[in-house]
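Me: I'm new to reading protein structures, and I'd like to go through the terms one at a time. Can you help me see where the labels come from?

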Amino acid sequence: MIILNKENVQKCITMKKAIEICKEATKNYCLNKTDIPLRTPIISERNNGQVLFMPGKISSESDNIGIKIVSVYPDNSLISLPSVPSTMITLDEKTGIVNGIIDGTYLTALRTAALQGAATDLLSNKDSKIATLIGTGGQAFEQARALLTVRNLSELRVVARNFDKTKKFVEKLKEELNNFDTVIIAYENVNDATIDSDIITTVTTSTTPTFSAKHLKQGVHINGIGSFTYDMVELPSEIINSNNKIYFDTKDGVLSEAGDILQPLENELISHGDFKGELGELVLNSIEGRTSKDEITIFKSVGSAVLDIACADYIIKEAIKSNIGTKIDI
């Protein structure tokens, strides 16, 4: 068995490769080559927490099997521990024996960003130059990397509720993503940041819209990445309508969990027939994507274990090949 921390994982995979893997994973999902149950929550009321179990299998050239365990314990921050710790476990397909344990917190950030990168690559205008990232939490750094990976951006704008935190975050981006030529700027006002942006990615756990529909450029592509429950809402309801092209990572997941979509459905702002389809269908070219520069496209994601399993399988194989990580016997 191999144990891989964040630094080990970074040696095994690039963002570009992760985006390719996520595209393939969503395609396999649409081709029914996966067995991905909806995540199972276990509530610990006395500890103000919950644990999410996300198992699954991908059957393509081989059977890739694994489970991610995600804990959501907000009070952990009071004792200097992660509020959303996560662990990914992979299994040897031939024996069913656990062969890998991966830092699931970083893996989640990686695969979530790679999925956004895949959607941005498939749906945003190819000549997009300005992107806005809303949020500076644990998922945000890799989201920025994905945006810079798929588009030759001249400017990346970052905005969040705490401007001091935003400025510090931007300095970190500048330092660690200096291989890109993009100018990275901290914004205090979200409307200033989005008004002429070609791509908007929001990665928060907000319960109210993170930007205004009044300040959108025609042809903008929007990624709603952070929210994953009925009560969380990042996107203004005004943009969830039949005039815009709306895509999901998985219909089952989004239509079971995403308040960004469920609330407009309940308020009859949109109907099920208005949604264009899943990202994997775009990869397969079985549905229509962007057809003009002026269309507004929207991608809503709540995440799926298929992404974790696909990325984890590649990472474990690369680790074995390159002798990376800590080996243990049980």
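Me: Why is Asn32 called exposed?

Reply: First, some ground rules: this is a predicted model, where local features need pLDDT of at least 70, side-chain atom pairs count only at pLDDT 80 or more, and totals for chains, interfaces and linings use all residues. Residues are numbered from 1 along each chain as its sequence is written, and side-chain values use heavy atoms, with hydrogens and water left out. Now, buried means under 20% relative accessible area, exposed over 50%, and partly exposed in between (1.4 Å probe, protein chains only). Asn32 has 68%, so it's exposed.

Me: Where does Asn32 sit, and what makes its phi worth a look?

Reply: Asn32 is in the loop between helix 2 (15–30) and strand 2 (34–35). Helices (H or I, at least four residues) and strands (E, at least two) are DSSP runs, numbered from the N terminus. The phi of Asn32 is near 60°, which is positive in a residue other than glycine. Most residues other than glycine have a negative phi.

Me: What about Ser80: buried or exposed?

Reply: Ser80 comes out at 70% relative accessible area, so it's exposed. Its place is the loop between strand 5 and strand 6, and Ser80 also has a positive phi, about 60°, although it isn't a glycine.

Me: How do you know that Leu78 is exposed?

Reply: Leu78 has 71% relative accessibility, so it counts as exposed. Leu78 lies in the loop between strand 5 and strand 6 (86–91). Together with Ile79 and Leu81, Leu78 forms a nonpolar patch on the surface, with about 350 Å² of accessible area in total.

Me: Why is Ser71 called buried?

Reply: Ser71 has a relative accessible area of 16%, so it falls on the buried side. Ser71 is in strand 5 (residues 63–72). Leaving aside neighbours within four places in sequence, Ser71 is in contact (heavy atoms within 4.5 Å) with Gln50, Val51, Ser83, Val84 and Pro85.

Me: And what makes Ile101 partly exposed?

Reply: Ile101 has 26% relative accessible area, so it's partly exposed. Ile101 belongs to strand 7 (residues 98–103). The C-alpha atoms of Ile101 and Ile316 are separated by 8.9 Å, though these residues are 215 residues apart along the chain.

Me: How do you know that Ser227 is buried?

Reply: Ser227 has a relative accessible area of 1%, so it's buried. Ser227 lies in the loop between strand 12 (221–224) and strand 13 (245–248).

Me: Why does the pair Ser227 and Lys300 count as a polar contact?

Reply: A polar contact is a pair of N or O atoms within 3.5 Å; within protein, one must be able to donate a hydrogen and the other to accept it, and residues adjacent in sequence count only if both atoms are side-chain atoms. The side chains of Ser227 and Lys300 make such a contact at 2.8 Å.

Technical notes: Patch = residues over 30% accessible without salt bridge, like charges linked within 9 Å, V, L, I, M, F, W, Y side chains within 5 Å. Areas by Shrake-Rupley, 256 points an atom, 1.4 Å probe, with all protein chains shown as cover. Salt bridge = Lys/Arg side-chain N within 4 Å of Asp/Glu carboxyl O.
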